[in-house]
Amino acid sequence: MNIQTPVKADKAERMRRAREEAYATPLKNFHPGAPRLFQDDTLWPWFERLRKEEPVHYCTNAPIEPYWSVVKYNDIMHVDTNHGLFSSDSTLGGIGIRDVPEGYDWPSFIAMDQPKHSSQRKTVSPMFTPTHLDELAKLIRQRSQTVLDNLPRNETFNFVERVSIELTTQMLATLFDFPWEERRKLTRWSDVATALPKSGIVESAEERRREMDECYAYMSKLWNERVNSAPRNDLLSLMAHSDATRFMDPDNLMGNIILLIVGGNDTTRNTMTGSVLALNENPEQYDKLRANPALIDTMVPEVIRWQTPLAHMRRTALADTEINGKHIKKGDRVVMWYVSGNRDEEMIERPEEFIIDRARPRTHLSFGFGIHRCVGMRLAELQLKIVWEEMLKRFDRIEVVGEPKRIYSSFIKGYEALPVRIPG
């Protein structure tokens, strides 16, 4: 076993207590969106019970406004693909379980309804065509090789910092043609944009506002440079020279920029870390992968399911309706828990198990469905595939040697730290 025995014992005891609490708590008192459940990795029995007993659940026991939880695969698909009935619009609250805070309502195409959504989304789509991904693959491989070759042997280091953040931030800098020496600004802005007050990332709403204003000013400067230059092959230039996005108001521009920063950072970064953790928690799967590296092709979508880097998306009901027998009123918040749908026993065989050679590994909800399906999902898969190809060439194993430190969020399902060691 790769993860130390005391760590495994601690996790087992933590999960035992979580199960007891989840099954002893009356359903009317459930608050499945509590960030502590995600930070402690104790969310699983709460969603398991909801799937069994009340798959569409109304929460009134939370420090936020009441919300519906939709936890089954097919019910989530119903909400995600009925965009005429369930709205993403930021003016109605947006895509998170909590309403967009006042003063942060920069609209982006993920938080828009039709027809505005598609016209803005199409502008950045050329960045993710097969031809362009083939070009990016060469760069991803070269950078992965450099980062991995510089990792220490026989000493503990933080995989999140040394590998996941570094590789995803390098890719973000390329996509935006962002000044290379200042690329870690992108990581910081992504973290700040999605941080909750108790997360420790920012100390106050004022600090968060100040940092996002710095992002606004910096990216506006780059935008103005691209508008006044010949078209180039980066996200800012694509938007600057498209009729659908060139004349966006400044808040809309910033909303789309923040969306692309967060989307390009969190999904890949946290799944990259989660893949190392999952293989260490399931050493027989790690052995299987080492014996047959071609299984990377099915391992990548499986780990995206397993990790579910965005735990939920929220919609607002535009009319009275029903979901699985529950009456939803116009204006109600409806939260699609992708993290639960990805463990739905009725749709996914043995969903609690991490199986790298699943027959249908892409049966998952991690990228969403319908018009809002993740525009960069193929790039995310490509990055994960290449980094694992390069890791398997270099290292017999990457050993997890301590508990991961997870972030305080029920939206971004991610990691601050994962202590690992590469045997010499």
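**Burial, rings and fold**

Modeller: Of the 424 residues in the protein, 59% are buried. The model is predicted, local features need pLDDT of at least 70, side-chain atom pairs need 80 or more, and totals for chains, interfaces and linings use all residues. Numbering runs from 1 along each chain as its sequence is written, and side-chain values use heavy atoms, without hydrogens or water.

Colleague: Why is tryptophan 68 called buried, and tyrosine 58 partly exposed?

Modeller: Buried means under 20% relative accessible area, exposed means over 50%, and partly exposed lies in between (1.4 Å probe, protein chains only). Tryptophan 68 has 8%, so it is buried. Tyrosine 58 has 34%, so it is partly exposed.

Colleague: Why is the pair of these two rings, tyrosine 58 and tryptophan 68, called tilted?

Modeller: Rings of Phe, Tyr and Trp (its six-membered ring) pair if their centres lie within 6.5 Å; planes under 30 degrees apart are stacked, over 60 edge-to-face, the rest tilted. Here the centres are 4.6 Å apart and the planes stand at 40°, so the pair is tilted. Tyrosine 58 lies in strand 1 (residues 56–59) and tryptophan 68 in strand 2 (residues 67–70), so the pair ties together parts ten residues apart in sequence.

Colleague: What makes phenylalanine 178 and tryptophan 189 an edge-to-face pair?

Modeller: The angle. Their planes are at 85° and their centres 6.0 Å apart, so the pair is edge-to-face. Phenylalanine 178 is in the loop between helix 7 (159–176) and helix 8 (184–193), and tryptophan 189 is in helix 8, eleven residues apart. Phenylalanine 178 is buried at 3%. Tryptophan 189, at 4%, is buried.

Colleague: How many aromatic pairs does a search of the whole structure find?

Modeller: Ten. There is also an aromatic cluster of Phe38, Phe47 and Trp337.

Colleague: How do you know that the charged end of arginine 397 sits over the ring of tyrosine 286?

Modeller: The test asks for NZ of Lys or CZ of Arg within 6 Å of the ring centre and within 35 degrees of the ring normal. Arginine 397 is 5.0 Å from the centre and counts as over the ring. Arginine 162 likewise sits over phenylalanine 157, at 5.8 Å.

Colleague: What makes a set of residues a nonpolar core?

Modeller: The members are buried Ala, Val, Leu, Ile, Met, Phe, Trp, Tyr and Cys, joined through side-chain atoms within 4.5 Å. The largest core has 60 residues; Phe176, Phe178, Met219 and Leu379 have the most contacts inside it. A second, separate core of 39 residues includes Met377 and Val387.

Colleague: Which residues are in contact with leucine 379, leaving aside neighbours within four places in sequence?

Modeller: Contact means heavy atoms within 4.5 Å. The partners are Phe128, Leu133, Leu136, Ile140, Met171 and Leu175.

Colleague: What makes threonine 308 stand out by its phi?

Modeller: Its phi is near 45°, a positive value in a residue other than glycine. Threonine 308 is buried, at 1%. Asparagine 154 also has a positive phi, about 60°. At 45% relative accessibility, asparagine 154 is partly exposed.

How values were computed
Helix = DSSP H or I, 4+ residues; strand = E, 2+ residues; numbered from the N terminus.
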